[in-house]
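Hi,

Here is the structure I promised to hand over. Have a look at it first, and my notes on what turned up follow below.

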Amino acid sequence: MRILGISCFYHDSAAALLEDGVIVAAAQEERFSRVKGDERFPTDSIRFCLDQAGISIDQVDEIVFYEKPLLKFERIIETYLNVVPAGLISYLTAMPSWLQKKLNQKKLLKSEFKKNFNFTPAHIFFSAHHLSHAASAFYASPFEKAAVLCLDGVGEWATTSAWLGDGSKLKSLWEIKFPHSLGLLYSTFTHYCGFKINSGEYKLMGLAPFGKPIYADLIKQKIIRLNPDGSYWLDTTYFGYLDDLVSTTKKFEKLFQMPTRKPESALTDFYKDVSASIQQVLNEAVLALARRLKQDTGADSICLAGGVALNCVANGLLVEQNIFEKIWVQPAAGDAGGALGAALALHYLKNGHQRIINKSDDMQGAFLGPDFSDQQIENCLRKFNLKFEKLDEEITLAATAKMLSESKIVGWFQGRMEYGPRALGSRSILGNPLAANIKSNMNLKIKFRESFRPFAPIVIDEQYDRYFSLRLKNEYMLLISKVKDTDLMPAITHVDGTARVQTIFKQKNKKLYRLLQHFEKLSGHAVLINTSFNVRSEPIVCKPEDAINCFLNTDIDSVVLGNFIVTKMDNPQIKRDSKWHEQFRLD
Amino acid sequence: MSSFVWIKNLYKHDPLPLPRNLTRACAAAISISLGIFWYYKTQNFTPLIVSASVATVTFIKPLAKIFFYVLDLVIFSVFHTMTLLTLTFVFYFLITPLRIILVVSKKSDSFYRKYDKSTIDEMTAETYDFERMF
């Protein structure tokens, strides 16, 4: 039985393919289209999934969409009804696309399949948005039984939902509905601090440790009420998302007595304090919900999904508080993960298949995207007229470790691309965490991004305890841990003495594990900086061509694609296009 | 098809074999009754407003026709959808005065339910129905 899951038409469209419950392939459309957060029908992602499985579209048994469009439309219409006469501009902006296309989504999806694949599906199934999130979190997790908490902006009506997963069953417990939403609350503050909604939330999270949470009480008094039962309530008069095209209102700005920060303007202490404050409030809200869920389920483990579950600070705190013994966060926790979740929900809940639990989870390290053969890589390098070396794997690893120990910055393009927003060692830029000034060099000359942004470390499993104190290791870079010696590696240590650490397990990513071992031989530390292989606002690279373009137009010293090594030193003819990165709209 | 022709066709087909005015009166009465019933059940003004709007539209057919005709001429070429016009008409020409009346008469200060203790709701069984788009 083959099931194709699709998410699209809002942001981060994606496709995922299941074959008898096993995840064969999953990818986000933005990686192929090179449009960040691409929301269009995921033609290339679907094509990739089919190619990976070696099948044609007519061999797919069932197709499922990740949310219920009519319920979503009901929410939108009811919102407009509630705020009339306000909301006219927002209404006139949103309605044409809904009425012309999205409302009849079954027809729209069928026509997209017809147009792109010359195939009209007989039937398309629809999963509820939060059910898709919950299924992506629980069914892919290593747990037999677990509480499931989904937190996001909004799907149809639910913004927060609680579930109990047990074997193949996933039972809904309760939900909190729009307009009360932790995701929209955090997004509103993201906008207020001058970052883009749906992509700048992690910047706000990174900015928070620079400030003091002096506005947390004010936020709790005026904007959000945290109830003793774990629920929360938002005073919607502070928010513009009901009736406006911007999230903040004048009342919101009046409360803080400061205007919304203009993008790219100076980050003053005020906005740092605001970001620290909203992060603290979010932490409290997430912990309260988790406590309630623990009380309701008695489960030892918790699974998280939804965009808010990408907040590593709140996740790390959840581990520190020991509310649950174990925690597993879906690496594609945002809407892209909905494609996978919808397929899993259909497989287990509608088709009634029995779940076989994989003790190390079903995500295969999140390496579910496309990979490229040596021949394809070589063709690409020749196309760019680059001088390169092809080496044995061990020699490649030794040479790469040597470059890193010499403080060179290396593009690392290996195997199957990651599914989800994090680069986990397949499409990464690696750096030496011991090197002086590497943080500012990488931020400003490689990534062209804000200088305050921290870099994440990767460490081999056996060495984790030497550097980090959080009791749980995470292979998906989704937990924040305290760094034991904050002076040792300032490049990976955030201002509050924490790091968003990724643990590399030998059985999941052997090549990167071996690279870290080689680096340890040279430097004494099995730790590297791992950041996504892209520049600011660019989707993470997918194909060798994308990697080479990024390499050519930034200060990356060398790039390792499979066992091919290309260095700037060997290619003095390279001329950098200083305007290359300007094609990507700032996020 | 022009939106005017579309709405004209719609009016040609009365759902009940009754005189048109009586049909409209019945529809309006049912709509308002349902709205009042639902308001007392939920304390939410939205159904009341919707039902009142439906009732109003039912009674002012000639007015509606003129509105649609004008709107059709002016806006149809931009939005290409009669449904949009209908919703715009209902929302911003009928509901606005009703809402203002409700707010001014202090019958409503907010259209969202305000919970004293919790915002937690039970989920519905429809969550697991993969056939439906709703």
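Let's begin with the inside. The largest nonpolar core has 210 residues, and the members that touch the most others are A16(A), L149(A), I302(A), A339(A) and A343(A). The helix that gives the most to this core is α11 of chain A (residues 269-297), with 11 residues. Please keep in mind that all of this comes from a predicted model.

Which residues is L149(A) in contact with, once its neighbours within four places in sequence are left aside? They are A162(A), L289(A), A290(A), L293(A), I302(A) and L304(A). I302(A) also turned up among the core members that touch the most others. As background, nonpolar side chains in soluble globular proteins tend to be buried together.

Another spot in chain A worth a look is strand β20, residues 527-532. Five of its six residues are buried, so β20(A) is largely enclosed by the rest of the structure. Strand β15 of chain A (residues 427-431) is joined to β20(A) by four bridges, and the two run antiparallel; there, G431(A) stands opposite I529(A). Strand β16 of chain A (residues 456-460) also pairs with β20(A) in the antiparallel sense, again over four bridges. In that pairing, V459(A) has V527(A) as its bridge partner.

Now for chain B. Its secondary structure comes to five helices and one strand, and along the sequence the pattern reads α-α-α-α-α-β, with the strand at the end. Chain B has 134 residues, of which 23% are buried. Among its contacts with a separation of 6 or more, 55% are between residues 24 or more positions apart.

How do the chains meet? On the chain A side, 41 residues are in contact with 31 residues of chain B. Several elements of chain A each supply at least two residues to that side, including α4 (88-100), α5 (105-117), β8 (169-177) and α13 (336-350). The largest share, eight residues, comes from α3(A). By type, the residues of the side of chain A that touches chain B divide into 24 nonpolar, nine polar and eight charged.

There is strand pairing across the two chains as well: β8(A) and strand β1 of chain B (residues 120-121) pair in the antiparallel sense over two bridges. To find the spot on screen, look for E175(A), whose bridge partner in β1(B) is D121(B).

Cheers

Definitions and conventions:
Residues are numbered from 1 along each chain as its sequence is written. Chains are lettered from A and ligands numbered from 1 in the order in which they are written. This is a predicted model: local features need pLDDT of at least 70, side-chain atom pairs count only at pLDDT 80 or more; totals for chains, interfaces and linings use all residues. A nonpolar core is a set of buried Ala, Val, Leu, Ile, Met, Phe, Trp, Tyr and Cys residues joined through C-beta atoms within 7 Å. A residue is buried if 20 or more other C-beta atoms lie within 10 Å of its own, exposed if 12 or fewer, and partly exposed in between; C-beta atoms are placed from the backbone. Two residues are in contact if their C-beta atoms, placed from the backbone, lie within 7 Å. Ala, Val, Leu, Ile, Met, Phe, Trp, Tyr, Cys and Pro count as nonpolar, Asp, Glu, Lys and Arg as charged, and the others, Gly among them, as polar. Two strands pair if DSSP finds at least two bridges between them.
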